[in-house]
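Please keep the sequence and the model in view while reading.

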Amino acid sequence: MSIKTLIRKIAIFPVLVYQYTISPLFPSSCRYTPTCSQYTKEAIMKHGIFKGGWLGIKRIASCHPWGGHGHDPVP
């Protein structure tokens with residue numbers, strides 16, 4: 001495993017913690033497919049921690065009643 005992959009896996013660890021501990025406590029209410037946490041994981045693995053993290057933050061910030069919805073894959 002390369003150092004880049006290891007750093008990316010470490011970066012997605014907080015997302016995994018959220019997915020397995022906090023997310024199951026609440027009903028599913030995501031406006032997007034894939035969910036914001038899955039999108040963030042995919043973005044970090046595909047684009048790296050800085051660009052992928054930024055894409056994840058932008059996606060989470062748009063997840064509100066006046067934001068978008070529907071299918072929104074990682075670019």
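Pro-34 is buried, its relative accessible area being 17%, where buried means under 20% relative accessible area, exposed over 50% and partly exposed in between, computed with a 1.4 Å probe on protein chains only. The model is a predicted one, in which local features need pLDDT of at least 70 and side-chain atom pairs count only at pLDDT 80 or more, while totals for chains, interfaces and linings use all residues. Residues are numbered from 1 along each chain as its sequence is written, and side-chain values use heavy atoms, with hydrogens and water left out.

Pro-34 is found in the loop between strand S1 (32-33) and H3; helices (H or I, at least four residues) and strands (E, at least two) are DSSP runs numbered from the N terminus. The peptide bond that leads from Thr-33 into Pro-34 is cis, with omega near -5°. As background, most peptide bonds are trans. When residues up to four places away in sequence are not counted, Pro-34 touches Tyr-39, Glu-42, Arg-59, Asp-72 and Pro-73, contact meaning heavy atoms within 4.5 Å.

Tyr-39, another of the residues touched by Pro-34, has its place in helix H3 and counts as buried because its relative accessibility is 5%. Outside the four places on either side in sequence, Tyr-39 touches Pro-34, Leu-55, Gly-56, Arg-59, Asp-72, Pro-73, Val-74 and Pro-75. With Arg-59 there is also a charge-ring arrangement, in which the charged end of Arg-59 sits over the ring of Tyr-39, 4.4 Å from its centre; the criterion is that NZ of Lys or CZ of Arg is within 6 Å of the ring centre and within 35 degrees of the ring normal.

## Pairs separated in sequence

| Pair | Separation along the chain | C-alpha distance |
|---|---|---|
| Gln-19 and Ser-37 | 18 residues | 7.2 Å |
| Cys-63 and Cys-36 | 27 residues | 8.2 Å |
| Tyr-39 and Ile-60 | 21 residues | 9.4 Å |

Gln-19 lies in helix H2 and Ser-37 in helix H3. Both are buried, since Gln-19 has a relative accessibility of 18% and Ser-37 a relative accessible area of 14%. Beyond the neighbours within four places in sequence, Gln-19 is in contact with Pro-24, Ser-37, Gln-38 and Lys-41, whereas Ser-37 is in contact with Val-15, Tyr-18 and Gln-19.

Cys-63, by contrast, counts as partly exposed because its relative accessibility is 30%, and it lies in the loop between H4 and strand S2 (70-71). Leaving aside neighbours within four places in sequence, the contacts of Cys-63 are Arg-31, Tyr-32 and Cys-36.

## The largest pocket

About 460 Å³ of space lies in the largest pocket. Of the 18 residues that line this pocket, Tyr-18, Ser-23, Thr-35, Cys-36 and Ser-37 are the closest to its centre. On a 1 Å grid over the protein atoms alone, a pocket is an open set of points with protein on both sides within 12 Å along at least five of seven lines, and lining residues have an atom within 4 Å of a point.

Helix H2 (13-22), helix H3 (36-47) and helix H4 (49-61) each supply at least two residues of the lining, and H4 gives the most, with four residues. By residue class the lining divides into nine nonpolar, nine polar and no charged residues, where Ala, Val, Leu, Ile, Met, Phe, Trp, Tyr, Cys and Pro count as nonpolar, Asp, Glu, Lys and Arg as charged, and the others, Gly among them, as polar.

Notes:
1 Å grid on protein atoms, 1.4 Å probe; cavity = no way out; pocket = protein on both sides within 12 Å on 5 of 7 lines; lining within 4 Å. Points joined across faces, edges and corners; volume = space filled by probe spheres on them.
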